[in-house]
Amino acid sequence: MRLQAPENTVGFTFDGQRYRGVPGEPVAAALLAAGVRLVARSFKYHRPRGIMSAGSEEQNALVTVGRGAQAEPNVRATMLEVAEGLEVFSQNAWPSLKHDVMAVNDLASPFLGAGFYYKTFMWPKPFWEKLYEPVIRRAAGLGGLSGQPNKDRYEKAFAFCDLLIIGAGPAGLMAALTAGRAGADVILADEDTAMGGRLLREVEDIDGQPGADWAADAVAELAGMQNVRLMTRTTVTGAYDQGTFGALERVAGPRQARKPLECFWRIVAKHAILCAGALERPIAFPNNDRPGIMMAAAVRAYVNRWGVAPGKTVTVFGNHDDAHRTAHDLVAAGVKVAALIDSRDDVEIKADFPVYTGAQVIGTKGRHALESIAISHGGETREIRTDCLAMSGGWNPSVHLTCHMNRRPTWREEIASFVPTPEAVPGLMPAGACNGAFSTAACLQEGAAVAADLARDLGLKPKVTVPVADDGAYRITPLWAVPGKGRKWVDFQNDVHVKDIKLAAQENFCSVEHMKRYTTQGMAPDQGKSSNVLALAVLADATGRGISETGTTTFRPPFVPVSIASMGAGSQGKGFAPERLTTSHNASVARGAPMIEAGLWYRPSYFPRQGETHWRQSCDREVGHVRNAVGVCDVSTLGKIDIQGPDAAGLLDFVYTNMFSTLKVGRARYGLMLREDGHVMDDGTAARFGEQHFVMTTTTAAAGQVMRHLEFVLQVLRPDLDARIMSVTEQWAQFALAGPYSRTLLNTVLDDPIGGSDWPSMACGDVQVAGVTGRLFRISFSGEHAYELAVPARYGDSLFRLLVAQAESLGGGAYGMEALNVLRIEKGFITHAEIHGRTTAYDIGMERMISRKKDCIGQSAATRPGLVDQDRDQLVGLKAVGAVKQLTAGAFLFEQAAAPVRVNAQGYTTSVAYSPTLDAGLALGFLKRGRARHGEVIRMVDHLREIEAMVEVCDPVFFDPDGGRARG
Amino acid sequence: MRITCPHCGERDRREFYYQGDAVALARPAPDAGAQAWDDYLHNRDNPAGDTQDLWFHEAGCGAWIVVTRNTVTHAVADTKLAAMVKR
C-alpha cells in the first residue's frame, strides 16, 4: 500500500504479472506496495516466505532477474532497483510460487531435521552419489544458472586513497566531512543507492533539520570536494592484507544498456573507517517466518523512505526501546497499529494503540500471508488479527569486516551483542553503530573523532564540529527464543530452526564450528549475517554456557555474494591467456596453417597444400623439403637474451655447465643449463658477437624462467660479475633456413652472398639483408646444413614471405611445428618433453658437458650419487619393430615377458614421430640403464590409449649419427 | 597483498613472482659437503611467525627482493633488495 500516489512509475513483471513501481526504489518496496506478500519458497522445506528486510541482509526474497543467458539468480529483491521492463522471477518453486509441489517437504519436516541425510541415506552406499544426493540437491535449492555463456559486461578496477570510509550513515558521513574538510584523499562507499544510511529511514532531527535533509546537505558538500570520491551502490566486501579492500559496485543500477552490470574494485587505503552500522536480529518464536513478518526497522524504512506500508494492520514485537519507533512512525504515517508487544516488564509506554509489556508472541497463522498472531500476556493467550508483524530482537553491530583477518569479536553484555575487537584488522577503525554506539549523536561523535585522529596521522589539521542529534539510550533485555510449540526459525535462508541447533548440541556438536556444519546455519548465501548471534545464543542456552564463552564462527569475505564474473572481469578468453603472435603469423594463417599454442605463443602446425587432406601428408612433405631441398621455419619464439659487459663470458660460464669464456668471437656454442639441484633447466645456444657481447637463446617455454634465473645470479649469487642482461625476444624476428639448399636460399636475400667456407658450422655474425643489418647463425635443429637469420622484428613479415617464396622456387617451402618435431626426433635432439624437470645431465648423456674447470649452477648437486646412478632412466631411441608401428608419448616400457604393471615399468616414452626419412615409427624415451641396452627389444604399453608395440632400443640419434650433413 | 619494492615503492603483489625461502641467498661453497647442500636445496623451516622469502619484481624493475613477513598476521615487516642483504 502506498501512503501517497507516486508521481512517476514504471512497469516491471514478477512471475509474469505486471506491476508498477517508482524508478530507483527496490523491487521489494514495489511488491509490498502492490500487496504482494508471498515472494519466495524457502531453501529446504519450501515454506512460503515474504520480504523480511530492507537491505543486503535479506534472507527470504531471493529472485532471478532476466531470462536466458542473462538470467541472474539469487538477486535480493531488497537491493534490486525497479526499472521499466524489468523481469523478475521467483525461485525454488514448481509449478508455481503459490502451488509448490516440493512444499511436501514441509509436511515431512519431522524427518528432515539437521543432519537427516547423514543418518537416513547410509545404505546402500553407492546410492548416495547416484540417487540420494542428486534428489536432495534438486529438492533443496536456490535459483538456477542458465548454463549459457553470460553476455553481461563486468569490470574490475583499482583505487587508492588515504582514507576509505565504509558506509555512509551518520558515522560515515561525519567521518567523511571531517577528513574531507581537512584535505584527506577520501573514498566514501555505501551499498545503498543514496547516502545517508539510517538517516534516510528514520524520523529524527540533526541540528534542527530532518536527518535526511542533513544527509543530503552533507553529500552535496562532499560531492563538491575534489579530494572526496563518493561511491554509491558499492558494498565493501572484504578486508585484505596491507590495507587492501574488495568492493562490489552495482554499476548499472537499474540495468542500463551498455554499462557493465558490476565492477569489482580493489581499493588500497592507508587507513579505513568501518561505519557499516548494525543489522537487526530476529526473535525465534513459533512460525516466525510467515510472509508479513518483517524486521521492525525494515518496516520503518519502507514507510519513511519509500512511502510504502507493508501492511494494513501492523503489530510490533520487540525487546528494546528502539522497536517502539516503528509503532510511532506507522501511526504518524496513518497506518493502523494493532498492538505493540514488548517482552520487558519494566517499561512504560504511552500510546494510542494497545500495548502489552512482559508479553511474547507465541504463534502465528496464515498460509501464504500472515493473518493473526497469538501472544501470551499476564498468563493469558490472546489472538491479534494482523497482516504484518514487525519484530526486533535487538541490533548486531556489523563487525564482519573486522573479522576478515581471523580475529573474533568481543561480547558486550550491556548491549547483548558482539563489537569489534580493537585492531582486529590493521588500519581499520570501527565507528558508530558497528562499534556498538547506537544513538545518532554517538555515531556522529565517533565518526568525527576517529576521522580526526586518522587525519592527524596523515599530517593534516582537522576541525571537529559535531551537530546536535538524538542521544537516546539503548535499553535492551535479551530475548532469543520464545518457549512454545512449533518451529522457530533462526537461519531463514538455510531453513535452520531452534530445534536443529538443540539437536546438534544434544548430539555433542557443542562447538560453534561443529554446530554450524551440522545444521548448516550461516552457510547460505547471506553467510549468517542476521542469524549468527541468535544461533549462538540458542547454542549457549542448550549447552549451558555463556555467549562469550560459546564464541563465534569466523566471518570471512565476501560480506555479500560476489559474482565470479565480476572478480574475473577482463580475465576471460584472451584476457586469461593473451596471445603472442610472431611476425610471420598473418603470412602463416594466409597459407592455411592451423596455429597451435606454445605457451602464449601461436605457431604454425603445418602448411597444407592443395590435395593434402591429412596433417601427416603435409608434415611428411615438409620433412622432405628440409632433408632434400630447403625449408623455412619461424623460430622467433625462442627466448633471446642480450648479455653485455666485461664479465658477460663469466656469467655464461657460471650458468652453463660448459665453458663459454673460451668461445671465439663470431662463434656460437650449445649450452646446457642446470638448476641448482643438479637437474636440467634448459638448453640452447649462446653466440659471441664481441668480447663483451653474447646473445643467448633459450627454449620457448623456459624464456621467462631463464631470465629470472640470470637476474638472480647477477643480483644475488655473483654480484662480482659486471654484466647486464636484456630480453630481446620480441625485438628480433628469426627464421631457420634448413636443408641442402639453405645457403642458396640465404644468398637470395643477403646483400653480400656467402661462400661455402665463409660460415662454418656454429659461425655467427652480422650480415646485410636488403640493406638491413641482421644476424646470421650457422646452427641446426634439424641435422641439415642450416642457418638462422634474424632481422629487427619490423622486417620479419616481409622477410618470411620472401624466404618462403624463394624456398618454394628451390623445391622447398615453409615448415611448421610438426615437421620441426619429426626432424629433431630423427636427430635425437631434446626438448622440454625430455628435459621435463626430473632429468639430469647424466640421464640425457651429457654429464661430460659439466666442466670441472669452474664452478657452475648445479655442479655440486649433479655429482650426488643418486643423480649419476647407473640404474637411472637414461635417454634412448626407440624404433617400432613389431606389427604395430604407432608409438605414443607417455607410454610405459616393459621387458617383453614382464606383466605390464607399474612395478615392472622400466621407463617411458617422451616424444614420438613417424619418420618419413627412415619410414619408421620413432620415439625418444627414458629407460632404466638404457645406454647399455641398445639392440634389446622391449614392449611399449600405453594403458590409456590401449596401444601396445614392440620397440628396439637404440641410440637416440636415428639419422646421420656422425653429423656430416649439418657440417657439410 | 602489497609489497614495497625498494626501487619502485609499494605495489600490488601481482607484479611479483614468488620464489621461496631466502635460504637461496646463502649458496654454499662447491665443496661444502652433502649436508650443507642438502640444507641449502631442500630443508626449509615452516615457521608460524616471521619468515623471509624471495620475490622477483617481474612486472616492474626486475629486482630480487627479500621480504620479511609474518605467516600468521601476514604483516610485512621489511623488504630489502636481495643484492643488499648481507650473507
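The model is predicted: local features need pLDDT of at least 70, side-chain atom pairs count only at pLDDT 80 or more, and totals for chains, interfaces and linings use all residues. Residues are numbered from 1 along each chain as its sequence is written, chains are lettered from A and ligands numbered from 1 in the order in which they are written, and side-chain values use heavy atoms, with hydrogens and water left out.

**Extent of the interface**
- Chain B brings 26 residues to the contact and chain A brings 23 residues, where contact means heavy atoms within 4.5 Å.
- About 2100 Å² is buried between chain B and chain A, with carbon and sulfur atoms giving 54%; buried area is the accessible area (1.4 Å probe) that two parts lose on being put together, summed over both.
- On the side of chain B, the most area is lost to chain A by R2(B), R27(B) and W64(B), together 31% of what that side buries.

**Salt bridges**
- Three salt bridges are found across the interface of chain B and chain A, each a side-chain nitrogen of Lys or Arg within 4 Å of a carboxyl oxygen of Asp or Glu.
- R27(B) and E676(A) meet through their side chains in a salt bridge, at 2.5 Å from N to O.

**Aromatic rings**
- Over all chains there are 15 aromatic pairs, counted for rings of Phe, Tyr and Trp (its six-membered ring) with centres within 6.5 Å; planes under 30 degrees apart count as stacked, over 60 as edge-to-face and the rest as tilted.
- The ring centres of W411(A) and F418(A) lie 5.0 Å apart with planes at 70°, so this pair is edge-to-face.
- One aromatic cluster is formed by F712(A), F56(B) and W64(B).
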